[in-house]
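Please look at the sequence and the model shown here. The text below goes through the structure step by step, beginning with a single residue.

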Amino acid sequence: MVKGLYTAWSGMVNEMNRMDVMTNNLANADTNGYKKEGATSESFSHHLAVKIKDQSDYGLPVRLGNVNLGVKIGETYTDYTQGSFQVTDSQYDLALDGDGFFAVSFTSKDGETSVKYTRDGAFTVNTEGYLVTKDGDYVLNRNGAEQTNSGEESRIRIDPNVEFRVDENGNIWQNNQIVNTVGVIDFENYDYLEKYGENLYQTVDGAVLTPSDAKVQQGCIEASNVNVVSEMVNMITITRAYESNQKVMQTIDTMLDRAVNNVGKV
């Protein structure tokens with residue numbers, strides 16, 4: 001096998017993966033609370049190249065140097081930096097200033113209920129007075145978030161006919177009384193979080209919940225942390241790198257064609 005072809009091919013596959021990640025970021029540039037992703041690359045292990053059966057060195061192997069077999073796809077990581085706030089002046093919209101997540105009770109298509117986490121605070125109140133997400137999932141209170149309890153007792157219910165106020169600690173005030181508290185939770189290590197669906201996160205084995213010191217801001221929503229200009233620049237860079245690897249493959253193919261069809265002619 002011609003090593004140059006394999007090296008160029010592995011480079012093209014890597015750039016395709018980077019393009020997939022980048023286009024997903026662009027597609028979610030207007031998604032509330034979305035956290036952009038990035039792709040990493042790794043090199044294959046170096047292999048020692050030597051000369052063998054060369055009588056000029058008494059038949060002993062002579063080191064030529066290390067040979068790299070190209071690049072391989074690394075891990076995809078999530079950038080959890082906070083996005084900018086967009087003021088909506090809606091009493092139902094909440095944003096977190098600091099590290100942490102809202103806890104919600106998510107029900108799958110199979111009817112299974114579990115606790116998921118999100119930075120998207122575009123909430124509303126349903127006909128029964130429960131605070132829910134735009135998809136209808138119940139927002140959990142402090143006890144539900146801390147105990148990962150998605151039961152009915154962990155839901156936030158308010159009087160939909162009375163205006164309410166949410167302070168920085170997440171306390172919900174109605175008629176000058178605290179009626180409930182928005183559940184905000186954080187994690188010791190975000191490596192134990194994985195994305196679920198469009199804009200939710202779920203924990204994996206090993207996740208440790210910690211109290212969040214994030215301040216709840218009412219009347220605004222956290223926007224995506226995707227910088228469209230930077231992503232467009234990355235798109236150009238990725239395209240150029242892909243074209244370079246493609247040119248290498250075309251050049252090697254031309255060389256092989258000439259070697260087979262022309263050099264050997266009498």
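This is a predicted model: local features need pLDDT of at least 70, side-chain atom pairs count only at pLDDT 80 or more; totals for chains, interfaces and linings use all residues.

Leaving aside residues up to four places away in sequence, I221 touches N32, S84, F85, Q86, T88, D93, L94, A95 and A122. I221 is found in strand 20, which covers residues 220-222. Is I221 buried or exposed? With a relative accessible area of 7%, I221 counts as buried, because buried means under 20%. One of the residues that I221 touches is Q86. I221 and Q86 are 135 residues apart along the chain, yet their C-alpha atoms are separated by 5.2 Å.

Now consider the protein as a whole. There are 3 helices and 20 strands in the protein. Of its 266 residues, 38% count as buried. Among the contacts in the protein with a separation of 6 or more, 65% are between residues 24 or more positions apart. The accessible surface of the protein is about 15700 Å², and 48% of this surface belongs to carbon and sulfur atoms.

Helix 1 runs over residues 3-27, which makes 25 residues.

Helix 3 has 36 residues, and from its first C-alpha to its last it reaches 51 Å, close to the 52 Å expected at 1.5 Å a residue. The buried residues in helix 3 are E231, I238, N245 and I252. Against which element do the buried residues of helix 3 pack? They pack against helix 1. At the start of helix 3, N227 has a side-chain oxygen that reaches to within 3.1 Å of the backbone nitrogen of V229.

Aromatic rings give another view of the structure, which holds 12 aromatic pairs. Y80 and F101 form one that is edge-to-face, with 6.4 Å centre to centre and 85° between the planes. Y80 lies in the loop between strand 4 and strand 5, and F101 lies in strand 7 (residues 101-107), so this pair ties together parts that are 21 residues apart in sequence. F101 has a relative accessible area of 2% and is therefore buried. Ring pairs also link Y80 and F101 with Y117, F187, Y190 and Y201 into a cluster.

Some rings have a charged side chain over the face. K116 lies over the face of Y196, at 4.2 Å from the ring centre. R155 lies over the face of Y138, and here the distance from the ring centre is 3.8 Å.

N171 is buried, because its relative accessible area is 14% and the limit for buried is under 20%. Which side chain does the side chain of N171 join through a polar contact of 3.0 Å? The partner is the side chain of T181. Not counting residues up to four places away in sequence, N171 touches R142, R165, V166, I178, N180 and T181.

Most residues other than glycine have a negative phi. D89 is not a glycine, but has a positive phi of about 60°. D89 is found in the loop between strand 5 (85-87) and strand 6 (94-97). Its relative accessibility is 69%, so D89 counts as exposed. N176 is also a residue other than glycine with a positive phi, near 65°. Where is N176 placed? N176 is in the loop between strand 13 (171-174) and strand 14 (177-181). With a relative accessible area of 74%, N176 is exposed.

Notes:
Residues are numbered from 1 along each chain as its sequence is written. Side-chain values use heavy atoms; hydrogens and water are left out. Helices (H or I, at least four residues) and strands (E, at least two) are DSSP runs, numbered from the N terminus. The expected span of a helix is 1.5 Å times one less than its number of residues. Buried means under 20% relative accessible area, exposed over 50%, partly exposed in between (1.4 Å probe, protein chains only). Contact means heavy atoms within 4.5 Å. Accessible areas come from the Shrake-Rupley method with a 1.4 Å probe; for residues, only the protein chains shown count as cover. Rings of Phe, Tyr and Trp (its six-membered ring) pair if their centres lie within 6.5 Å; planes under 30 degrees apart count as stacked, over 60 as edge-to-face and the rest as tilted. A charge sits over a ring if NZ of Lys or CZ of Arg is within 6 Å of the ring centre and within 35 degrees of the ring normal. A polar contact is a pair of N or O atoms within 3.5 Å; within protein, one must be able to donate a hydrogen and the other to accept it, and residues adjacent in sequence count only if both atoms are side-chain atoms.
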